[in-house]
Amino acid sequence: MTGQTGIFDAETLNACIGCGYCLPTCPTYRLTGDEASSPRGRITLMRAIQAGEIELGDPAAMEQSQECLACRACEPVCPAGVQYGSLIEQWRDAGWKRMPIKVFAAAAAVRRTWTLRLGAAVVPHARTHRGDNDTHLMLGCFERILFPKVSRSVQQTYPDISVDPNQGCCGALHAHNGELQTGEDMARQLGDDLPGTIVTTAGGCAAHLASVIGRERVVELSEYAASHPPKRKLSQITRNGRVARIAIQDSCHLRNGLGVADTIRFLVSRMGTLVDLRTAGDCCGAAGSYSLLRPEAAHRVFDAKRNEISDSDLDVIVVVNPGCYRQLKTELAVGASDIEVLHLAELIAESTADQP
Ligand code: SF4
Ligand code: SF4
């Protein structure tokens, strides 16, 4: 015994009753069949660390803290309401000094607003706009650089929403990878810089931001579109000479953290033929920085949905998070698939374009 560590919130940690209902929902457990790779197994490890029975830096325990996708698929099914997402963040927060250097580099880059400005200066994301209402568009850090068309599409559909190109990062990457305090400070700062309602196009950012500044201030794009129908009516888009067959890849944090899934389906069903995949809610392997740090494991996680995607005669897969966007593009390219990947914002912009 090395004594109590106090790493985890005791009430949250003790809430697990060990029923195992979460096991079938966990992508890493489904891949390995190993109890240690399950939510219940990881909670057992956390309890052993908390009790000082094993060291925080124990290699097997560290591996499990990193193998977890932090997708939170284990939360909605848990009868005891265990907030697993908080526990994994606390675990990683304590183990941060042992994290791979790649995470430090990415997190440090987005922590500085000037880095974002520099990167974003060369990509054409949404233009500066001071709207006439108290609603701001969050640009995201990686999204504004990797997928600038997403914010441009929102601006095309909703020209009244304010856009501040000098906004910083919400800190989700930091919080998910073990810098809890920094992640919270950054979210609070963004909330101060963008007063009023913040419209987001990134599921992971939405969940993190809402957890810090309050759910009532954070509105994900599909929620906003459902309550603020675009001025131009949604119309059906076509691909390959037919109404497009469109599937959805949910964002784990959006679905499991904020419960946002139905509004996305409602909108997509208005723009094409909705093909609701059985695996739509399962993690695609992106999981924040997971696919960068553990590309082989991320590839295996995606493989669990590959057959269903290729057998569904799809034209488009819609995403609502930049990590999923990148992961799906990468994985579909591996199989030389011609299925198009589009962000919901891009689909709405296309659906409402060029109409009287
Ligand atoms: S479902 Fe909840 S209570 Fe049951 S084992 Fe999983 S985390 Fe524990
Ligand atoms: S967060 Fe996802 S990968 Fe991690 S234990 Fe829960 S279901 Fe499994």
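The following legends describe close-up views of a predicted model.

Figure 1. The shell around ligand 1 consists of 14 residues, of which Cys16, Cys19, Cys22, Cys78 and Ala80 come nearest. By class, eleven residues of this shell are nonpolar, two are polar and one is charged.

Figure 2. Cys26, Pro39, Cys68, Cys71 and Cys74 come nearest among the 14 residues around ligand 2. Helices α2 (27–32) and α3 (39–50) each contribute at least two residues to this shell. Its composition is ten nonpolar, two polar and two charged residues.

**Figure 3. The largest nonpolar core.** This core comprises 99 residues, and those with the most contacts inside it are Cys170, Leu209, Val318 and Leu344. Helix α12 (residues 203–213) provides the largest share of the core, seven residues. In soluble globular proteins, nonpolar side chains tend to be buried together. When residues up to four places away in sequence are left aside, Cys170 touches Met138, Met186, Ala187, Leu190, Cys205, His208 and Leu209.

**Figure 4. Helix α19 and its packing partners.** Helix α19 spans residues 344–351 and is mostly covered, with seven of its eight residues buried. The buried positions are Leu344, Ala345, Glu346, Leu347, Ile348, Ala349 and Ser351. These residues pack against the helices α9 (148–157), α13 (221–227) and α15 (262–271), and also against the strands β8 (316–319) and β9 (340–343).

**Figure 5. The contact of α15 with α19.** Two packed helices are described by the angle between their axes and the distance between the axes. For α15 and α19, the angle is about 35° and the axes are 11 Å apart. The crossing in which α15 passes α19 is left-handed. On the α15 side the contact is made by Ile264, Leu267 and Met271, and on the α19 side by Leu344, Leu347, Ile348 and Ser351. Six of the contacting residues are nonpolar and one is polar, with no charged residues. An α-helix has 3.6 residues a turn, so residues three or four places apart point the same way.

**Figure 6. Arg242 in strand β5.** Arg242 belongs to strand β5, which covers residues 242–243. Arg242 is exposed because 11 other C-beta atoms lie within 10 Å, and a residue counts as exposed at 12 or fewer. Although Arg242 and Asp315 are 73 residues apart along the chain, a distance of 9.6 Å separates their C-alpha atoms.

Notes. Residues numbered from 1 in each chain as written. Chains lettered and ligands numbered in written order. Predicted model: local features only at pLDDT ≥ 70, side-chain atom pairs only at ≥ 80, totals over all residues. Near = placed C-beta within 6 Å. Nonpolar A, V, L, I, M, F, W, Y, C, P; charged D, E, K, R; others polar. Buried ≥ 20, exposed ≤ 12 C-beta atoms within 10 Å, placed from the backbone. Helix = DSSP H or I, 4+ residues; strand = E, 2+ residues; numbered from the N terminus. Contact = placed C-beta atoms within 7 Å. Core = buried A, V, L, I, M, F, W, Y, C linked by C-beta atoms within 7 Å. Axes fitted to C-alpha atoms, helices over the stretch in contact; angles between N-to-C directions. Left-handed = near helix turned anticlockwise from the far one by under 90°.
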